[in-house]
Amino acid sequence: MRFMIQRVKNAEVKVEQAIIGSIGNGLLVFVGICGTDTEEIADKMIKKLIGMRIFEDENGKTNLDLKTVGGNLLMISQFTLYADCKKGNRPSFIRAGAPEMANRLYQYILEKCRVEFPETQQGEFGANMQITLINDGPFTIVLDSDEIF
């Protein structure tokens with residue numbers, strides 16, 4: 001599983017010109033699900049995400065977590081996080097989870113995030129989405145379950 005996390009001042013997601021999710025200060029998280037991912041991996045990734053101290057304190061040090069700053073989450077499914085670009089110029093997405101399985105895990109992740117952050121916003125799985133954001137920093141981190149667990 002991969003989470004590409006962007007600390008944002010605000011972010012929104014549109015589908016067919018309609019805003020379906022929007023946050024102010026918080027984290028925009030692109031979620032990539034691999035064919036071997038499980039709910040156990042998702043639980044670990046969510047715990048890591050929520051506990052990350054990547055917001056600035058009064059001294060300008062990245063020392064505060066999402067809950068402390070009163071931020072929120074916008075979670076967007078993105079299978080392209082599993083692009084394999086080793087051969088040729090056309091990426092392969094063979095490692096990305098099959099749509100039914102990936103959507104089930106994406107919904108699970110949303111449900112778990114909403115336990116801590118009830119206002120968690122989301123994109124639409126499988127839709128053509130337009131994402132608008134103001135990155136705060138810029139500050140972007142990639143969490144890969146293969147590298148951290």
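1. The loop between β1 and β2 (18–23) holds Glu16. In this predicted model, Glu16 has a positive phi of about 50° although it is not a glycine. Glu16 is exposed, with a relative accessible area of 73%. That value is over the 50% cut-off for an exposed residue.

2. Gln17 is found in the loop between β1 and β2 as well. Phi of Gln17 is also positive, near 70°, and Gln17 is not a glycine either. Its relative accessible area is 67%, so Gln17 counts as exposed. Most residues other than glycine have a negative phi.

3. Gly137 and Pro138 are joined by a cis peptide bond, with omega about -5°. Pro138 belongs to strand β8. In general, most peptide bonds are trans.

4. Helix α1 covers residues 39–51, which makes 13 residues. Ala42, Met45, Ile46, Leu49 and Ile50 are the buried residues named in α1. They cover an arc of only 125° around the axis, and therefore lie on the same side of α1. Glu40 and Lys47, on the other side of the helix, are exposed.

5. Helix α2 has 18 residues. From its first C-alpha to its last, α2 reaches 26 Å, close to the 26 Å expected at 1.5 Å a residue. Its buried residues are Met101, Ala102, Leu105, Tyr106, Tyr108, Ile109, Leu110 and Cys113. Among the elements that cover them are β1, β3, α1, β6 and β7 (121–122).

6. Leu27 sits in strand β3. Is Leu27 buried or exposed? Its relative accessibility is 1%, so Leu27 counts as buried, the cut-off being under 20%. Leaving aside residues up to four places away in sequence, Leu27 touches Ile5, Gln6, Arg7, Val8, Leu49, Ile54, Phe55, Leu66, Asn72, Leu73 and Leu74. One of these, Leu49, is a buried residue of α1. Another, Asn72, is 45 residues away from Leu27 along the chain, yet their C-alpha atoms are separated by 6.3 Å.

7. The largest pocket has a volume of about 330 Å³. Its lining is made up of 19 residues, and Ser77, Gln78, Phe79, Thr80 and Gly126 lie nearest its centre. Two or more lining residues come from each of β3 (26–32), β6 (72–77), α2 (99–116) and β8 (129–144). Strand β3 gives the largest share, three residues.

8. Which classes of residue line the largest pocket? The lining has 13 nonpolar and six polar residues, and no charged ones. A reader interested in this pocket can start from the five residues nearest its centre, Ser77, Gln78, Phe79, Thr80 and Gly126.

Definitions and conventions
Residues numbered from 1 in each chain as written. Predicted model: local features only at pLDDT ≥ 70, side-chain atom pairs only at ≥ 80, totals over all residues. Heavy atoms only, no water. 1 Å grid on protein atoms, 1.4 Å probe; cavity = no way out; pocket = protein on both sides within 12 Å on 5 of 7 lines; lining within 4 Å. Points joined across faces, edges and corners; volume = space filled by probe spheres on them. Helix = DSSP H or I, 4+ residues; strand = E, 2+ residues; numbered from the N terminus. Nonpolar A, V, L, I, M, F, W, Y, C, P; charged D, E, K, R; others polar. Expected span 1.5 Å × (residues − 1). Buried < 20%, exposed > 50% of the residue type's maximum accessible area, 1.4 Å probe, protein only. Arc of directions from axis to C-beta. Contact = heavy atoms within 4.5 Å.
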